[in-house]
Amino acid sequence: MKITEQRVKELAHLSRLQFEGEGLKKMQSDLEDILAMCEKLKEVNTEGVEPLIYLTNAETVLRQD
């Protein structure tokens, strides 16, 4: 998916961020890379895979009091 400079500026405004020159181009490239990765993840077969709720199996140990 192609991200335009105008779209980056709109997102920056909503995020209260400011990008100019090379920073704008870098953010545009980074956003395109992120969207490409998301599109790639859509190809993964996740049928039968339970959603991940916690990142670890660690449990919180509480004191009696």
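Colleague: At what angle do helix H1 and H2 pack?
Modeller: This is a predicted model, and in it H1, residues 5-15, packs on H2 at about 95 degrees, with the two axes 10 Å apart. That makes H1 roughly perpendicular to H2.

Colleague: OK, and which residues in H1 meet which ones in H2?
Modeller: On the H1 side you've got Glu5, Val8, Lys9 and Leu11. They meet Leu24, Lys25, Met27, Gln28 and Leu31 in H2.

Colleague: How do the residues of that contact divide into nonpolar, polar and charged?
Modeller: Five are nonpolar, one is polar and three are charged.

Colleague: Switching to salt bridges, how many are there in the whole structure?
Modeller: A search finds six. One of them joins the side chains of Lys25 and Glu5, at 2.6 Å from N to O.

Colleague: What does that pair tie together?
Modeller: Lys25 is in helix H2 and Glu5 is in helix H1, so the pair links parts that are 20 residues apart in sequence.

Colleague: Where is Val44?
Modeller: Val44 sits in the segment after helix H2, which covers 21-41.

Definitions and conventions: Residues numbered from 1 in each chain as written. Predicted model: local features only at pLDDT ≥ 70, side-chain atom pairs only at ≥ 80, totals over all residues. Heavy atoms only, no water. Helix = DSSP H or I, 4+ residues; strand = E, 2+ residues; numbered from the N terminus. Axes fitted to C-alpha atoms, helices over the stretch in contact; angles between N-to-C directions. Parallel < 35°, antiparallel > 145°, perpendicular 65-115°, else oblique. Contact = heavy atoms within 4.5 Å. Nonpolar A, V, L, I, M, F, W, Y, C, P; charged D, E, K, R; others polar. Salt bridge = Lys/Arg side-chain N within 4 Å of Asp/Glu carboxyl O.
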